[in-house]
Amino acid sequence: MPNPSLKNNVDLLLMGVLRSGPAHGYAIIAALRERSDGEFDLAEGTIYPALHRLERAGVIESSVQVAQGRRRRTYSLTARGRKEFAAQRREWQGFVTSVQAVIA
Amino acid sequence: MSDTPIEDYLDELLRRTHADARSTRRLLDEAGDHLHAAAADLEASGLSRQLAEVEAIRRFGPAAPVALATSRRSLVALFLETLRAALFLAGCGLAAVGVSGLVALVMNLWFGRSFVGGVSVVPFQPGASVAETADDAVVLRALAGLVGLLVLLAYWVVRRRASSASLLPAGLVDALGAAAFAAGTAGLTIAAVDQAAHGGADGVGFPLSGALVALPATLYFCIRAARALLRPVS
């Protein structure tokens, strides 16, 4: 099921996946689906413009790897990206705590 | 149903993406890699190749939003590149005016002030004396040239910070520069001929000094445009 709040938090989710280590686009989507138990049904193609935007912002970086004769662009979090992820995660957790306090 | 759904999808993505060459190529590379990997996984799970490709495309999503998200940033980049190009052409134009001031100075010294200052229609200062017109043609143009050099300096600084990926077609800016200077050459030459027809040698130097600078500038931009168009794609 498409999640309406997902679109607004794509950056945080992408950084969250890349925190575990470098990955290419297809692996990022697979990790997102796996870690959310299939809840995050994102149109897979939309992550590429998001990844390119994050790279321009210096949050992630990419390099081309050749595996089994295929060129694949792999993304990884930069030092700045780790700080950005920590800050966004704190913000998100604060928001969730506040919402929980209200609806509990 | 198409025999090659992924190829068709990539064609559509290419048609819809209005970005610079590098961004477009990178998006297509990654989309193709993603779709083929997804289709291979789906095929391994038991789907036929064709159905696996269709399902991989469905999961990838429609081409339009992906292309739009890539193009959106490029429209901003296009605007900035156009602005940089305008800065370059304006700087070159003003610098050329400055050089024409130096040519006017040489004309004043060699042929006397009436050759430049005796023009029948003086822009901006109707009623000015021949000497004033001759001197202003030097001083005001030299000032414009200094402004042009500052504009070119600003362009150089901005260009150093800009991405090397170009959105504007190769040779377009140079072709525009060539066209502008060619128009200037033609207009100033006609004005010089007209002045000669009405006032003899007096005042001919006023437009002629501009035409003498605009002509080599036209040739310079023509050569730049030709080089850009003939340069092999790396």
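User: How should I read the helices and strands in this model?

Analyst: Helices here are DSSP runs of at least four residues, and strands are runs of at least two. This is a predicted model, and by that rule chain B has eight helices and zero strands.

User: In what order do the elements of chain B come along the sequence?

Analyst: Chain B reads α-α-α-α-α-α-α-α.

User: And which pattern does chain A follow?

Analyst: Chain A has four helices and three strands, and along the sequence they run α-β-α-α-β-β-α.

User: Next, burial. What share of each chain counts as buried?

Analyst: The idea is to count neighbours: a residue is buried if 20 or more other C-beta atoms lie within 10 Å of its own. In chain B, 35% of the 234 residues count as buried. For chain A, buried residues make up 25% of its 104 residues.

User: Finally, how many residues does each chain bring to the contact between them?

Analyst: Chain A gives 11 residues and chain B gives 14. On the chain A side, helix H2 (25–35), helix H3 (47–56) and strand S3 (70–77) each supply at least two residues. S3(A) provides the largest share, with three residues.

How values were computed
Residues numbered from 1 in each chain as written. Chains lettered and ligands numbered in written order. Predicted model: local features only at pLDDT ≥ 70, side-chain atom pairs only at ≥ 80, totals over all residues. Buried ≥ 20, exposed ≤ 12 C-beta atoms within 10 Å, placed from the backbone. Contact = placed C-beta atoms within 7 Å.
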